[in-house]
Amino acid sequence: MNDKQLTKLLHAMKEKGLKFTPAREIMLKIFLQADDKLLSAADTFDLVRKENAKINFSTVYRNLDTLVTNQLIEKITCHDGIRYKLISQKQHHHLMICTHCHKTEPLPFCPYGELEAFIKNGTDFLPTNHHVEIYGYCKNCRQELK
Ligand SMILES: [Zn+2]
Ligand SMILES: [Zn+2]
């Protein structure tokens, strides 16, 4: 992480009309540091507490919600609960998620094209959006789990 990225995020927060609070600043920093790794609310809270022990869980939880609503972070439902990560600057993408270490990687392309044509031609449904996540094991975890 670098300060430039944090400044950019804090600026985005301000543009969305969100108040600048210590909890929000710490949380954005934590998500920057986590990079592509998904964090649960409990993970986030543990990391926040290391920076500022006065911030309680409900504050963290409320701010996770606010940051999701304002599209600064995204919420992903994994097999073991809800997790969060910073929203990627790249536009349309799908995540490959390691169910062991919760690292994510974007798929290099959207696999939806043919499926969309099929839905449009073969059904009465008009698709407007889609959401695809791919679960599995990353290279490191595969080696570790062998
Ligand atoms: Zn992994
Ligand atoms: Zn897609």
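Guide: Let's start with a term: helices (H or I, at least four residues) and strands (E, at least two) are DSSP runs, numbered from the N terminus. Along the sequence, the protein chain then reads α-α-β-α-α-β-β-β-β-α-β-α, with six helices and six strands. Bear in mind that this is a predicted model, where local features need pLDDT of at least 70 and side-chain atom pairs count only at pLDDT 80 or more, while totals for chains, interfaces and linings use all residues. Residues are numbered from 1 along each chain as its sequence is written, chains are lettered from A and ligands numbered from 1 in the order in which they are written, and side-chain values use heavy atoms, with hydrogens and water left out.

Now for the domains, whose bounds come from an automatic or database domain assignment. Domain 1 covers 3–86 and domain 2 covers 95–145. Their C-alpha centres lie 24 Å apart. Where they touch (contact means heavy atoms within 4.5 Å), domain 1 brings eleven residues and domain 2 brings nine residues.

How much area gets buried there? About 820 Å² between domain 1 and domain 2, with carbon and sulfur atoms giving 58%; buried area is the accessible area (1.4 Å probe) that two parts lose on being put together, summed over both. On the domain 1 side, strand S2 (73–78) and strand S3 (81–86) are the elements that give two or more residues, and S2 has the largest share, four residues. By class, that side has three nonpolar, two polar and six charged residues. Here Ala, Val, Leu, Ile, Met, Phe, Trp, Tyr, Cys and Pro count as nonpolar, Asp, Glu, Lys and Arg as charged, and the others, Gly among them, as polar.

What the rule does find is five residue pairs in polar contact, both at pLDDT 80 or more. A polar contact is a pair of N or O atoms within 3.5 Å; within protein, one must be able to donate a hydrogen and the other to accept it, and residues adjacent in sequence count only if both atoms are side-chain atoms.

Finally, zoom in on Arg83, which sits in strand S3. Its side chain makes a polar contact of 3.3 Å with that of Asp43. Beyond four places in sequence, Arg83 touches several residues, including Glu74, Ile76 and His102.
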